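Please open the model in your viewer and keep the selection tool at hand.

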Amino acid sequence: MRISYIILIVFIVLVIVLIYFKISSNSNSSIQNSKKPGSGDAVMAEVLVVKDTLLQYQIQSIGSVKANEEVNIVSEPAGKITGIYFKEGNTVSKGTLLFKLDDAEYVARKKKLESEIKFASDNESRYKILKDKGGVSAQTYEEIANQLQTLKADLELINVQLSKTEIRAPFTGKIGLRNVSEGAYVTANTILTSLQDISKTKIDFTVPERYASLQKPQQQIFFTVENDSTNYSAVIVASDPSVNTSTRSLNVRAVAANSNQKLIPGMSARITITLGENIHSILEPT
């Protein structure tokens, strides 16, 4: 019986040893198989090609659109309007007659002066002949000649007054709404209408004083206006010589083309100003 127990124990030990070696052999085989190239699952990766990028340093500002030229049309002399020669909202050329004032008084005075000048001119010719022959003194002739020159000066003054009864466009532009009708009596303070040149527009804006020295003539800016996705461009033409001490900002003016007249004076403009740029900037997502 003792021998049988010994044999059983030895058998059990051998079985345990065989099982251990079998498990160890399988584990080593699995490790070696996992190390073989291409035997595992693929790992997803994000790839970015790094290259030079244009990096711009910009600031934003708010400005206003203004007409290139604008003026309120008024009359220098007081008088009654006898004619209106334009249509509201149309474009008029420089020198176009817009309003005509009553000139009857000036015309009558001009005719009177022309008659007096003719008589004085003939009189001056006669006295000149007499002076050359010694018939009158030089002083008498000079008095007659002076009267003629005075009348001619009065005629020039009348012509100037007559020209002021014709109110003409000082430049080519778009005429506004008229505020008076034919037959109205106007004075020098009466605004008859307005005239604006919007073939190009001025863009007025401000920049903080820290950037004041960076604004230069001929520098290009970009801007947008309300209800318009167009990105307009303008060129800086001038700026104030000093910073405003109240706002600590510099007033700057740019000019933009407006051939299609989409830019209307009075609009607000959102302006982008490029202060500098670096063409060798490398950017990558965080």
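Begin with the cartoon of the whole protein chain, a predicted model, in which 3 helices and 12 strands make up the secondary structure. The radius of gyration is 48 Å, well over the 19 Å that the globule rule gives for 286 residues, so the chain is more spread out than a compact globule.

Of the 286 residues, 26% count as buried. Colouring by charge will pick out 32 positive and 29 negative side chains, with the centres of the two sets 8 Å apart.

Now hide the surface and select I203, F205, I221, F223 and I271, which have the most contacts inside the largest nonpolar core, a set of 20 residues. Among the elements that give two or more residues to this core are strand 1 (52–74), strand 8 (191–208) and strand 12 (268–282), while strand 11 gives the largest share, 4 residues.

Which residues does I221 touch, leaving aside those up to four places away in sequence? Centre the view on I221 and you will find F205, Y232, S233, A234, I236, A254, I271, T272 and I273 in contact with it.

Finally, select I81, L98, F99 and F171, which are among the 15 residues of another core, lying apart from the largest one.

Notes. Residues numbered from 1 in each chain as written. Predicted model: local features only at pLDDT ≥ 70, side-chain atom pairs only at ≥ 80, totals over all residues. Heavy atoms only, no water. Rg over C-alpha atoms; globule rule 2.2 N^0.38 Å. Buried < 20%, exposed > 50% of the residue type's maximum accessible area, 1.4 Å probe, protein only. Lys, Arg positive; Asp, Glu negative; His and termini not counted. Charge placed at Lys NZ, Arg CZ, Asp CG, Glu CD. Core = buried A, V, L, I, M, F, W, Y, C linked by side-chain atoms within 4.5 Å. Contact = heavy atoms within 4.5 Å.
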